[in-house]
Amino acid sequence: MLPSTFIFILIGAVVLLMLLILKFKMNPVLAILLVTIPMAILLGNSPTKAIEVINNGFGATLSAIGIVIILGSIIAVIVQDTGAAIPMANFFVKIVHGKNVELAPAMAAFILSIPVFGDITTLLMAPIASTLAQKHEISMAKMTVFICAALNITHCLVPPTPGILAITLLIGAELGQVVLFGTVIGLVGFFIFYLLLRKWAGKEMIHPIDEYIESKEETATKNHNLPSTIHSFLPLFLPVILITVASFIKVSFDPNSTAYMIITFLGDRVIALLIGVATAMTLVIGRTEKVKEIARKHDPKLGKDCSILECIFNSWVNRALKMAVIPLLVTGMGGAFGKVLAAAPAAKDLASIIAGSGIPALVIPWLIAMVMMACLGSMTMAQMTAAALVIPLIPLLHISPLAAVLAIGSGAIGPNHVNNSGFWVFSGFYNLNPKQALKYITFPSVVISIILFSLVFVFNSLGLLG
């Protein structure tokens, strides 16, 4: 098969996928499957072989990330029910001393979005951002620009978010290094972005939705008996620290030593997240009645006489599993889609042509991810598809797996527009009409993508990513 034919088939698959999701409102999981089957056959597989490749891609992706995503979902539910997001936001409010208050929910979102899904972080931050906007007379446009950018940065650059975790394992980058450099590049990139757009973002006054503005009485009640700041941060930071430290320290130990086995065990992504879940469960201490009351609102099956253990080990876990299903299946199907592309012989021929095109090596994975995001409207799908196309290129372009992963993550952030569900979640909760959403979500997403890629390029040029 000619590379041009491969590109034509890929474009056709992307167009069909967009049509099924946007025009016919089909669930992304089914849409990806229905597109992947004929694409696999057109790429030269027999119908039986096509199903085999899809099954292998789907299964391999889920086996790599499934448990981690479920554990992250449990942490998300616990953070939501115990109110742990509020001390995080309050911590940053104190740091900024009443100036540039929009940074407080943005930085809380930056941290929360590492183990917690982006849409959940958006919901957790909406009432906090709305109350701060009302109190300090800050436009919701400004809140949107920086909260959206902050949570999408860690969503795309820092595991264990599904997309970046999956491509890290797929491409073969060291997980701890992706966590570390993704966090550093993301943080530096965010503040550059903030300095560039802070005046522009606040020019148009957009008021918050009334339902999300808390009165002084509500704020006092909501802030009563919350976890401490350190306790709130611990379930989120502890897994990240364990994974990162293990990645760097275990290389210094003898693989046969006890120290190596302990470090490797504690730094394993599943064990680290499990420790995070156990730590998160301690947030219930001292606030059992409050937690049971909130849990009953979310789970009608819980009776008035339910025990706290029933809330923790049954209700929380059940809700987390429901929350994790769609991200898991979309990521798994994305893995199948990517596996089909990567297995096509024409992909390697295309890789050779691209490698010899003269385009700077690191630009290619970033640009592919940006195009895929613009077409597919899913950061996870954009990352998975880009990774499948980039894997054959890595040896030819002489870029490290770490640099490739971070370039793809940087590209998948933007452009974020009308074919992305998160676009509509943000516009709805932050009181933006479609025109305002394009201005304050889509345009900034392209800006932050360029900033992050520039930083990846600089870090790579300095030899830090290879």
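Ground rules. Residues are numbered from 1 along each chain as its sequence is written, and side-chain values use heavy atoms, with hydrogens and water left out. Since this is a predicted model, local features need pLDDT of at least 70, side-chain atom pairs count only at pLDDT 80 or more, and totals for chains, interfaces and linings use all residues.

Confidence next. pLDDT is the predictor's confidence in each residue, from 0 to 100. The protein averages 87. A score of at least 70 is reached by 97% of the residues. Where is confidence lowest? In helix α10, residues 216-222, at a mean of 50. It is highest in helix α20, residues 401-411, at 96. Helices here are DSSP runs of H or I, at least four residues, numbered from the N terminus.

Now helix α1, residues 3-23.

Which residues of α1 are buried? Pro3, Phe6, Ile9, Leu10, Ala13, Val14, Leu17 and Leu20. Buried means under 20% relative accessible area, exposed over 50%, partly exposed in between, with a 1.4 Å probe and protein chains only. Seen down the axis of α1, the buried residues fall within an arc of 135 degrees, so they line one face. That arc is taken over the directions from the helix axis to the C-beta atoms. An α-helix has 3.6 residues a turn, so residues three or four places apart point the same way. On the other side of α1, Phe8, Ile11 and Lys23 are exposed. Just after α1, Lys25 takes a positive phi of about 55 degrees.

Phe423 sits in helix α21, residues 421-429. Phe423 is buried, at a relative accessible area of 0%. Contact means heavy atoms within 4.5 Å.Thr380 belongs to helix α18, residues 379-390. Thr380 is also buried, with a relative accessible area of 11%. Beyond its neighbours within four places in sequence, Thr380 is in contact with His155, Gly163 and Thr331.

Last, Leu242, in helix α11, residues 229-249. Outside four places in sequence, Leu242 contacts Leu266, Gly267, Ala272 and Ile275. Leu242 and Ile275 are 33 residues apart along the chain, and their C-alpha atoms are separated by 9.5 Å.

How values were computed. Helix = DSSP H or I, 4+ residues; strand = E, 2+ residues; numbered from the N terminus.
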